[in-house]
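Take a moment with the sequence and the structure before reading on. The walk below goes region by region.

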Amino acid sequence: MHRHRLIQILKALPVSLSLCLCFWGGTAQALTLEQAHAISAGETDARIAALQAAMKTPDAQTAAFVQALSDDAVKVAGNKTYIVRDGQGTDPITGQSATVPDNAEDVVSNNRMRGELDIALAALKLFSKDDKVRLEGVQALLKDPDESRVPLLDQALAAETQPAIKAQLELARAAAMLGSSDTAKRMQAAQALAQNKTANTKQLLTERLNTETDAAVKTELKNSLSAIEATLVWGDRLGALFTGISLGSILLLVALGLAITYGLMGVINMAHGELMMIGAYATYMVQGLFQKYLPGAFDWYLVAALPVAFFSSALVGAALERSVLRFLYGRPLETLLATWGISLMLMQTVRTIFGAQNVGVENPSWMSGGVQVLSNLTLPYNRLVIVGFAAVVLLGMAFLIGKTRLGLFVRGVTQNRPIASCMGVNTARIDTYAFALGSGIAGLAGCALSQVGNVGPDLGQSYIVDSFMVVVLGGVGQLAGTVYAALGLGIINKLLEGWVGAVLAKIAVLVFIIIFIQKRPQGIFAMKGRSAEA
């Protein structure tokens, strides 16, 4: 009966914890009635001390009881303790059914006690058969080390076979020994922790340094801190650099379309941000279709969304050029006002259809997570994909403009419209194609932005000013200049944010661009040929 009831308790526990219990198999010292009552009732300090004592030699009953406490499934009546699940009482020692008295009271655990229970459950994970579960348990213990857990860590070390997890267990043991009363052990712990160059270890060593009284141990703690900080500084620097490149690639995607509509065609399109927004909402709609009709292929919805986003924005851009802009070429002020009005209309249309709130666009599973480069530097997959996507779009656009018939016509019409017309080029059609191309690239930018930020009616407003600055700074009509300007502004902006904050960094970048344009109006790269002198 006892064995049958224990099996029922195991089935009610999480799988990882059940595996832990199977490890002991009843060989450890059994939980006693006095221990169970001491863990459940009394002052918090006494309960924690009793829990830590029981965790030195945990058995199946201990693990089941700790899980029940964490689940608020324990009651006490007098000096008796009961596990109550689904209205059925169980003796925590024998595992047999028990009648719970009417006067039994729920065990209430404050936040401090719950923290200790969480640590105890993490310690139980050290004996799971699943490598991932064991590693999670070690990492949890590393964040809250305590010398009382050393025997448990020694048991786990003796049983561990995976070198990577064993190394983490040794670090957790060193962290626990950092509070030892033995000076030599504290010295050894400080030396060992210098190998674990993480922010959590730095905090742990710093806290110990503030309370340490031994001069030799203090020196060792300082040496370990210096070694860790030297590595963390590089992680921060590389993280800022990658974030700047990531921001620069997003600005590049946004500005590439504008490089055609403004740089090559001279149209100040204030609705460019809303064309990006259309691409983002097209991605959202494709996601919804895949979720409803092709849930098994959801990870590939983004591949299908790319052409949809491109052609959605391109069609809107072509309609905009044919209906409004073709009558306003050569009149920049009227073009600016007209496109600004159109941007407001597009935003209101989206609010009417989708609502004013942001909509959620999920990352495919292959874009979730990241690459762990250093302990404090993780490169997210979605950012890495966007950097690569921006490079592909740039190369495709450079090939289209520089090597294809359409690109030749666009460059010809841009440089000298009357001569291009005399040579048989349909300039009106080329204008439409060029504007549709620039709008389609804006749609691709919106598709990419949906993977790293919120999608809402105001999406384009956050990037329109920055994209204009990129095009003007790089040199009107110059793709190479657009690349340099986008990456340069992204990196400079993120580096300055670390020193002066986001707002002052934005102001500093704007002041730099104003001064640069005053000194070099043509931008980083000047337009080559006779048009530069026009």
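What follows is a short tour of this predicted model.

Start with the nonpolar cores. In soluble globular proteins, nonpolar side chains tend to be buried together. The largest nonpolar core here has 82 residues. Leu253, Ile441 and Tyr463 have the most contacts inside this core. Pick out Leu253. Another core, of 56 residues, lies apart from the largest one. Among the members of this other core are Ala36, Ala54, Leu141 and Leu205.

Next comes a pair of helices. Two packed helices are described by the angle between their axes and the distance between the axes. Helix α16 covers residues 381–403, and helix α17 covers residues 405–415. Their axes are 5 Å apart, and the packing angle is about 70 degrees. Angles of 65 to 115 degrees count as roughly perpendicular, so α16 is roughly perpendicular to α17. Which residues of α16 meet α17? They are Leu400, Ile401, Gly402 and Lys403. On the α17 side, the partners are Arg405, Gly407, Leu408 and Arg411. Sorted by class, this contact has three nonpolar, two polar and three charged residues.

Stay with α17 for one more residue. Val410 is placed in this helix. Val410 counts as buried because its relative accessibility is 5%, and buried means under 20%. Val410 and Ala434 are 24 residues apart in sequence. In space, their C-alpha atoms are 6.8 Å apart.

Now move to helix α19, residues 427–449, where Asp431 is found. Is Asp431 buried or exposed? At 6% relative accessibility, Asp431 counts as buried. What does Asp431 touch? Not counting residues up to four places away in sequence, Asp431 touches Met265, Glu321, Tyr329, Val413 and Arg417.

A disulfide is a covalent bond between the sulfur atoms of two cysteines. How many disulfides does a search of the whole structure find? The search finds zero. Cys422 has 67% relative accessibility and so counts as exposed. Cys447, at 1%, counts as buried.

Turn now to helix α5, residues 60–70. This helix is mostly covered, with 11 of its 11 residues buried. The buried residues include Phe65, Val66 and Leu69. Gln61, Thr62, Gln67 and Ser70 are also among them.

Just after α5 comes Asp72, with a positive phi of about 55 degrees. Most residues other than glycine have a negative phi, and most peptide bonds are trans. Asp72 is not a glycine, yet it has this positive phi. Its place is in the loop between α5 and β1 (74–77). Asp72 has a relative accessible area of 44%, so it is partly exposed.

Asp86 also has a positive phi, near 55 degrees, and is a residue other than glycine. Asp86 lies in the loop between β2 (80–85) and β3 (88–90). With a relative accessible area of 80%, Asp86 is exposed.

One last stop is Ser323, in helix α14 (residues 301–323). Ser323 counts as partly exposed because its relative accessibility is 47%. Ser323 and Asp72 are 251 residues apart along the chain. Their C-alpha atoms are separated by 67 Å.

How values were computed: Residues are numbered from 1 along each chain as its sequence is written. Side-chain values use heavy atoms; hydrogens and water are left out. Axes are lines fitted to C-alpha atoms, for helices over the stretch in contact, and angles run from 0 to 180 degrees between N-to-C directions. Helices (H or I, at least four residues) and strands (E, at least two) are DSSP runs, numbered from the N terminus. Angles under 35 degrees count as roughly parallel, over 145 as roughly antiparallel, 65 to 115 as roughly perpendicular and the rest as oblique. Contact means heavy atoms within 4.5 Å. Ala, Val, Leu, Ile, Met, Phe, Trp, Tyr, Cys and Pro count as nonpolar, Asp, Glu, Lys and Arg as charged, and the others, Gly among them, as polar. A nonpolar core is a set of buried Ala, Val, Leu, Ile, Met, Phe, Trp, Tyr and Cys residues joined through side-chain atoms within 4.5 Å. Buried means under 20% relative accessible area, exposed over 50%, partly exposed in between (1.4 Å probe, protein chains only). A disulfide is a pair of cysteine sulfur atoms within 2.5 Å.
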